[in-house]
Amino acid sequence: MARHLQYYPNPVGAKRKWAPATAPLQPQTSVDYVKENEEDTYFFRALEIEKTIMNAQQVDAVRHGKGPARVTAGAGAGKTRVLIERVAYLISQRDIDPSRIMMLTFANKTAAEMKERLASEPSIGEKAEQILCGTFHSIFLRLIRGRGFNQKVLSEQDAHEMIAQAIRSCRSSLKLEPAEIKEHIDAWKREGRNPEDMAENNKQEKEIKRVALSYEKEKRDIGSIDFNDIMLISLNEIEADDALLATLQARIEFVLVDEFQDTSTIQFRILQLIVQGQENIFVVGDEDQSIYRYAGAGRFMQDFLKYYPGASEYRLTANYRSSPWIVELGNEIIAQNKNRTPKRMMATRAGIQSPMFLRPLHPAAEAQIISDHIMKRLDRGEAPETIAILYRAQPAANMLLESLIAKNIPIQGDYLEPTLYDRQSVEPIMANIDFAVCPSWERIESVLSSLWVPKARAVEWLRTQHSGAPVLKELVNCPFLTIEEKQRILERDYLLKGASPGILVANVIQAMTHPWMGRPLHRLAEDFAALQAAADKHETIEAFDHYVRGINDKRYRMLKEGAGGVYLMSIHRSKGLEFPVVYIVGASERIIPYYLAKSEEEIAEECRLLHVAVTRAQDELLISSPSSFWGQNTAISRFIQAVYQ
């Protein structure tokens, strides 16, 4: 059976077998590189006493004087260490007032870790509190709060609900979901442009702008802003008020930016204004890990020297994280992208385990094999916290989540996503399953919404006919329903009473998707396909309902217990993390690269995604490439094939 397949040291069909080109690198360290008679010798010797021994590349970056600098730091190269020691160096060796230093990053967790590490530095200590350190949005939210912008910041869900209301208010004919319209608005704002100036080159753009302006007005009326308004308001305030800009420039002398490859246009424009004149901007990043183009990340890391022609350049190419095998595979994958600054990482530690490869029949078999493999690891005493499973596409995550839960393999709480059956996208379908097992007034509205009948009026009428549990079939006597609506109700009632779960789910999906024809709802389609596959495995609706409740109950218990466990996360979410053992799932065509990636740049970003996934691994890397995806045969990812051909 498929679950007994083994991992192999080369992908199926490989023509080339390779090993790391060189032995682990032993880079020159500060011990030898920093001489005893230099003015900053004490600084580096003090670090060495604290077991912080930097290599020569890192020392050069930390020693950078004034003016712009770009530090290209590959995966595992110690970029955070360079940023922290750069700040310590400025304070202790250049006598810079810590309150005149600003450190920016993108994730709250990263910002918290940086603050903690700054405070633990002997040469900084309590001065860390004076450093302006945080995410772009947290720091500039403080700025606009100080300018009197005290509006509530909407959650993404609240923003989507308001856009849905705007669509209804405008009686818009847009065939787009609220989240898609929000992305159009956000993309405009990330470019530093106001919604009032949105393009109107065609009918769809005009409709999007009309809905966007209605949404913006509603936000103003209730005293709210959304996440991307923070940076837009900040830019507008800085550009409109010369005194504010002068204050910022006088207050902030040195700017350091982490993960600079993720910087958007509006963020870069604000940085340019703040550092104008002194240009003391020190950016650290890696264009090979630029995977947030969809979130507005620009090419500012690659093009930094165009904006600052005299900038100093530093490269950190020693990888302290991964074995030579893993480092070399990462190099080979990313080298396939031609429009990049050439860089080859070198491992600094030994490792004997080569990457291993699996070719299961389909994602379901993949989930079964990997969960079995992990179970054997845990039985041998390996800690679940050392293991990460990284995925590109949600369907693989759905199946793995179920398989892990079914085997009682613990999953890290912060990464314990809802199961497929709890996802909002399939709620109307699952409501039909629930209603079939136990009819209730709570569920009948969802059942009616999937039938496209006026549910509020229908339920109100039905309540006048019954005091007990609702009977769907009685709606055929409802006076205001059309013949077509009554026919759909009769068909659904028949299926609810005796069909297999697969047939019922197929009927509901067909009803739900008909009015949405023409909408680019690939994520919805993937969830529907996964649910259909799950339902088809069960003979009766009751059996399917029992299975779903069991899986969800196990997940809730796991979440409540909050114990450590295996990490199951998207590749995007894994960036910046590292794990002794990494499983990459779905490394096949149509998944990596994703089937919606068409342009050269989109394909290049998919290559960077796989590079990021590979370089999360420290000791062991296991890559799975299903041979089919939703019933279609698919090849091993081109990015892997190219390495082994």
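User: What makes β14 and β15 a pair of strands, and in which sense do they run?

Analyst: This is a predicted model, in which local features need pLDDT of at least 70 and side-chain atom pairs count only at pLDDT 80 or more, while totals for chains, interfaces and linings use all residues. Residues are numbered from 1 along each chain as its sequence is written, and side-chain values use heavy atoms, with hydrogens and water left out. Strands are DSSP runs of E with at least two residues, and helices are runs of H or I with at least four, numbered from the N terminus. Two strands pair if DSSP finds at least two bridges between them; β14 (residues 579-585) and β15 (residues 617-624) have five bridges, in the parallel sense, so they count as a pair. Within this pairing, valine 582 stands opposite leucine 621 in β15.

User: Why are β11 and β13 said to stand at the edges?

Analyst: The open sheet of five strands has the order β11-β15-β14-β12-β13, with parallel pairing. Because β11 (356-358) and β13 (567-570) each have a single partner strand, one side of each is left without a neighbour in the sheet.

User: Which residues of α9 are called buried?

Analyst: Buried means under 20% relative accessible area, with exposed over 50% and partly exposed in between (1.4 Å probe, protein chains only); among those in α9 are Ile208, Val211 and Tyr215.
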